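Please look at the sequence and the model first.

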Amino acid sequence: MIRITADLRETVIAIARQAGAAIMEIYAGSFDVAHQDDASPLTAADLAAHRIIVEGLERLTPDLPVLSEESADIPWATRQHWSSYWLVDPLDGTREFVKRNGEFTVNIALIEDGVPVFGVIQSPVSGAVWHGAPGQGAFRRDGDG
């Protein structure tokens, strides 16, 4: 069981913000849109955010696997044995990103025994961050406050 400390919380928030900044750099320019096997869109922003988040979480908790929407397929035979892992959607709302309507987020959750025990949602456009953990509450931050 991972203890949700202030350091862990602040580091995950910082990782989400870094991913959000990378997304916004791409959002500000022109970008190509590819399509995955399920016909969902994929952009350089998805991949940049994925890389930042995975690298950051692997440094923070090297013993915990990361399951990301942009990861190569990890077979269920492997995942079913994970008691704890990070579940990530580096750019939730890629269709909205492509439409440029600002309605997309960076999502990071810590899962233990199939239950989310900590989560961070970051809005790259507004800069707002929501974070929470059972028994600790849910919070919103605007800017660096």
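Asp 142 is partly exposed at 48% relative accessibility (buried means under 20% relative accessible area, exposed over 50%, partly exposed in between, with a 1.4 Å probe and protein chains only). Its side chain meets that of Arg 140 in a salt bridge of 2.9 Å, N to O (a side-chain nitrogen of Lys or Arg within 4 Å of a carboxyl oxygen of Asp or Glu). This is a predicted model, where local features need pLDDT of at least 70, side-chain atom pairs count only at pLDDT 80 or more, and totals for chains, interfaces and linings use all residues. Residues are numbered from 1 along each chain as its sequence is written, and side-chain values use heavy atoms, leaving out hydrogens and water.

**Salt bridges**

- The whole structure holds four salt bridges.
- Arg 140 is exposed, with a relative accessible area of 51%.
- Glu 10 and Arg 141 form a salt bridge of 2.4 Å, N to O.
- That pair joins distant parts of the chain, 131 residues apart: Glu 10 is in helix α1 and Arg 141 in strand β8 (residues 137-141).
- Glu 10 is partly exposed at 30%, while Arg 141 is buried at 16% relative accessibility.
- Arg 9, Glu 10 and Arg 141 are linked in a salt-bridge network.
- Within helix α2 (residues 44-60), Glu 55 and Arg 51 lie four residues apart, about one turn of the helix, and their side chains meet in a salt bridge of 3.9 Å, N to O.

**Helix α1**

- Helices (H or I, at least four residues) and strands (E, at least two) are DSSP runs, numbered from the N terminus.
- Buried residues of α1 include Leu 8, Val 12, Ile 13 and Tyr 27.
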